[in-house]
Amino acid sequence: MFVMALPSSHTDILPPSTSELLDGVTRFSAELGTMTDLTAIGDRIIQELCHAGATTHGTLFLLDREHECYRRVSTVGPIALALTPPMLAISHPLPHHILTINRIITRDDLAGDLQETDPGTGVHAAMEALQVTRLVPHFIKNRLIAFSLLGIAQPIAEENALTKSVLAALAQIATNALDTIVLYEDLHRSHMLMKRTDRLKSLETIAGGFAHEIRNPLTSIKTFIQLAPQRKDDPQFIHGFSKMVLDDVYRIERLIQEILDYARYMEPKLTDEDFNDIVASCLHFIDVKADRQGIKIEKELAPDLPRVMLDRQQIKQVLLNLLLNAVDSMAKSGGRLRVQTRKLTKPGDIVWVHIEIKDTGEGIQETNLDHVFDPFFTTKHASGEHEGTGLGLTIVHQIIQEHHGEIRVESSVGVGTTFFVSLPALPA
Ligand SMILES: Nc1ncnc2c1ncn2[C@@H]1O[C@H](COP(=O)(O)OP(=O)(O)OP(=O)(O)O)[C@@H](O)[C@H]1O
Ligand SMILES: [Mg+2]
């Protein structure tokens, strides 16, 4: 019979009692159901398996499909960390053997198994080298998505049937949890990929728009440089044209800055914030400008607003863009700017903070309403108070998307425009 050398320390570990084992199964299942982080789940799985199997150490390996190997996710005990490598090839004797046998393998089984399958494979040597006495597979539909290697357990003679069944139950619960988290990570990865593709697409539009936008100012700068030598003694020309050229240079600078802001990867840095506080500080910022233009600001900030996880700088940028657009729309004859925040509860009891920014400005024509978020869409040309780049709302939209929020606009020409923004109140 196959016998594995056991270090003397094995006798120190007492097997858990039956009720302890059963309680453990229930607790384990409940706990895994609440976890969403792979490392935390991995740690919890290997701890529970080691406890149930009364082993000194253990390691959980997870299938890494990209690199075609099994990656060490979690370990218990210093021996596991010291002895198990960070990766095992799919063809390594241990995963290979587990895949062939497809059930929990103990040292007891090993001799028979090896005779049945492939005598002389390196399974025995590998188990001894890693000081492993049990191999626990985590299978989903014949696919070995993970496996656990458990260390020194009680002697073979004391191996009891209950321990084996409990281990099998725990392994199944662990398998389901691992399957869910791997699926979740896959989804997350494809979502990020889709977002990146979207970004690339809009960057393509932006690059085209940018080329178009800088052509005019560049033409005027070029004309000035070409004419300057002949007209250097004409003060009216020099004065008039240099002012124009300087404005063009500023415009190019501003475009470059806005594009850089947009192109920068805008993963928000979330902090726990008071949304009303950010709104108030943005309103403060536009106060003087609004006053000068005969715009009356009315604010109604809900006192029961939940705190929100958001990127303070980015949300300020959103609010300022919306407020300044509203102010611009009332530049000609003044008006009323109403800013209202409130708490929204959406289906599934999810709480959101909501803001409405409503102006009594010139409004947006229906044909333009679908384009206000497009890069470089602007109706603010040189004739107005300031020239727009048309990137303001593109950036606003991008930031709201990154915050998993929603933005919508309603407008009526001659009556005014309202922007509605909602952000989910994520747990801190
Ligand atoms: N509150 C509003 N009232 C009327 N029109 C608006 C309002 N907000 C946006 N718009 C329209 O949407 C266009 C695009 O807005 P956006 O903020 O993206 O660019 P912009 O304001 O023109 O330029 P920039 O923000 O770069 O200064 C505006 O030019 C304007 O026509
Ligand atoms: Mg704007």
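A polar contact is a pair of N or O atoms within 3.5 Å. The model shown in these views is predicted.

**View 1. Thr378 and Thr379 beside ligand 1.**
Thr378 reaches ligand 1 with its side chain. A polar atom of that side chain lies 2.6 Å from an oxygen atom of ligand 1. Thr379 does likewise: a polar atom of its side chain is 2.5 Å from an oxygen atom of the ligand.

**View 2. Thr389 beside ligand 1.**
Here the side chain of Thr389 supplies an N or O atom. That atom is 2.5 Å from an oxygen atom of ligand 1. On its own, ligand 1 has 600 Å² of accessible area, and the protein covers 94% of this.

**View 3. Helices H1 and H2 side by side.**
Helix H1 spans residues 18-34, and helix H2 spans residues 38-52. Their axes come within 11 Å. The crossing angle is roughly 175°. Angles over 145 degrees count as roughly antiparallel, so H1 is roughly antiparallel to H2.

**View 4. Where H1 meets H2.**
From H1, the contact takes in Leu21, Gly24, Arg27, Phe28, Glu31 and Leu32. From H2 come Ile41, Arg44, Ile45, Glu48 and Ala52. How many residues of each class make up the contact? There are 6 nonpolar, 4 charged and 1 polar.

Conventions. Residues numbered from 1 in each chain as written. Chains lettered and ligands numbered in written order. Predicted model: local features only at pLDDT ≥ 70, side-chain atom pairs only at ≥ 80, totals over all residues. Heavy atoms only, no water. Polar contact = N/O pair within 3.5 Å; in protein donor to acceptor, adjacent residues only side chain to side chain. Areas by Shrake-Rupley, 256 points an atom, 1.4 Å probe, with all protein chains shown as cover. Axes fitted to C-alpha atoms, helices over the stretch in contact; angles between N-to-C directions. Helix = DSSP H or I, 4+ residues; strand = E, 2+ residues; numbered from the N terminus. Parallel < 35°, antiparallel > 145°, perpendicular 65-115°, else oblique. Contact = heavy atoms within 4.5 Å. Nonpolar A, V, L, I, M, F, W, Y, C, P; charged D, E, K, R; others polar.
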